[in-house]
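Please read the following explanation with the sequence and the model side by side. It goes from the whole chain to single residues and their partners.

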Amino acid sequence: MTNDLFASGPNGLDGRGDHHDLSSAGLRGLDPRDPEATFADVLRRALRQRGLSLERICDRLHAQGISVSPATLSHWQRGRSQPERPQSLRAIDALEPMLGLLPGTLRSLLGPHRPRGRALPHDPAAVRGVYGERSDLEQALGEAFPYFNSDTQALVTHETVTLDEHRAIREITVTTVLRAVRDGARQLTVVHFLDAPPDDAVDVVVRSGELADRRFLPELRSVLADISFGRPLARNDTAVVEYTVHVGPSLTTSYCHERRIRESLRTYLLHVRFHPLATPASCHYFYRERLDGEARQRHRVLLDTSHTAHLLPAKCPPGVYGLEWQWD
């Protein structure tokens, strides 16, 4: 199981079919000719009124030879990113008649005079220094990948992973302290890659912060969640986010848990709790500079009397940190 904290659930579409007749001026409650209308607003309202799921939209685009992921569409309608690549612009042209919009309706909202309200992106090359090219995270986030939590910096992260008697991870609780690196930071996006959860048995419960959105991507076995701070942060303001990912019963045995860290942390604590009826034969800590790299550090970790193991690096530069265990 893998966690990413530096990066969605119900998309509000009811799947009732595509019988509605929309026009450029017929979006109930929103006229795309309004100078205040944004690309995200118009796309989101059109999708809602058309009643098509993101997966169905992607299937229709794929039939036209256009490849766009549901995650990318989700980010477009929430304003987290906008189409820029040629393939994405082709998708927009194909979406307009599909959603009953007049030609050019969505394209006209992508001009440079439209403020995006986005933070400056991270250097994609630096991010890929840890994740590599076309990582599972980049596939999950789509065009939002360069902007992944670019307005915050994690300072301290503590996560507790709990396994059940069937040797499967059932719960991940994360507490992280963040600092805003610019004015206006509003939320944190988290991504967890799971072993093999049932499609309907993954939930995210937020204890500090507010769950703004959650989405399960079965093709990537991942869950994405946007957690709001409840207010916009000023630069250098800090916030505490705490949440738990609950995973339903699974017959898939878990063998490790790791976290990818793209910027140095002050403190990272990973605490793994094993069930008393299912303790591993051995447990090891590991560190890799890159997701696809060889382990530079690896040493044995002993379980305590509570059947738990933990790692607490003295220093925490970018890289991949984790615990792996072997069963009898």
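This is a predicted model: local features need pLDDT of at least 70, side-chain atom pairs count only at pLDDT 80 or more; totals for chains, interfaces and linings use all residues.

Residues are numbered from 1 along each chain as its sequence is written, and side-chain values use heavy atoms, with hydrogens and water left out.

The chain has 6 helices and 14 strands, where helices (H or I, at least four residues) and strands (E, at least two) are DSSP runs numbered from the N terminus. Of the 328 residues in the chain, 52% are buried; here buried means under 20% relative accessible area, exposed means over 50%, and partly exposed lies in between, with a 1.4 Å probe and protein chains only. The chain exposes about 14900 Å², of which carbon and sulfur atoms supply 49%, the areas coming from the Shrake-Rupley method with a 1.4 Å probe, and for residues only the protein chains shown count as cover.

Proline 70 is found in helix 3 (residues 70-77) and, at 13% relative accessibility, counts as buried. Leaving aside neighbours within four places in sequence, proline 70 is in contact (heavy atoms within 4.5 Å) with Leu54, Glu55, Cys58 and Arg215. Although proline 70 and arginine 215 are 145 residues apart in sequence, their C-alpha atoms are 9.9 Å apart in space. After helix 3 comes glycine 79, with a positive phi near 80°.

Arginine 215 forms a salt bridge with glutamate 55, the closest N and O atoms being 2.9 Å apart. This pair links distant parts of the chain, with arginine 215 in strand 6 (residues 210-217) and glutamate 55 in helix 2 (residues 54-63), 160 residues apart. Arginine 215 is buried at a relative accessible area of 4%, whereas glutamate 55 is partly exposed at 37%. A salt bridge is defined as a side-chain nitrogen of Lys or Arg within 4 Å of a carboxyl oxygen of Asp or Glu, and by this rule the count comes to 11 salt bridges.

Another salt bridge joins arginine 288 to glutamate 258, with the closest N and O atoms 3.2 Å apart. Arginine 288 lies in strand 11 (residues 282-288) and glutamate 258 in strand 9 (residues 256-261), so the pair ties together parts that are 30 residues apart in sequence. Both arginine 288 and glutamate 258 are buried, and a network of salt bridges links Asp136, Glu258, Arg260 and Arg288. In the salt bridge of glutamate 289 and arginine 296, the N to O distance is 2.3 Å; here glutamate 289 is partly exposed at 42% relative accessibility and arginine 296 is exposed at 58%.

Among the strands, strand 2 (residues 152-163) and strand 3 (residues 169-180) run antiparallel and are joined by 11 bridges, where two strands pair if DSSP finds at least two bridges between them. Their hairpin has 5 residues between the strands, and arginine 167 in it takes a positive phi near 70°. Strand 3 also pairs in the antiparallel sense with strand 8 (residues 238-247), over 9 bridges, and valine 177 has valine 240 in strand 8 as its bridge partner.

Finally, a search of the whole structure finds 4 aromatic pairs. Phenylalanine 274 and tryptophan 327 form an edge-to-face pair, at 6.1 Å centre to centre and 85° between the planes, and both residues are buried. Rings of Phe, Tyr and Trp (its six-membered ring) pair if their centres lie within 6.5 Å, and planes under 30 degrees apart count as stacked, over 60 as edge-to-face and the rest as tilted.
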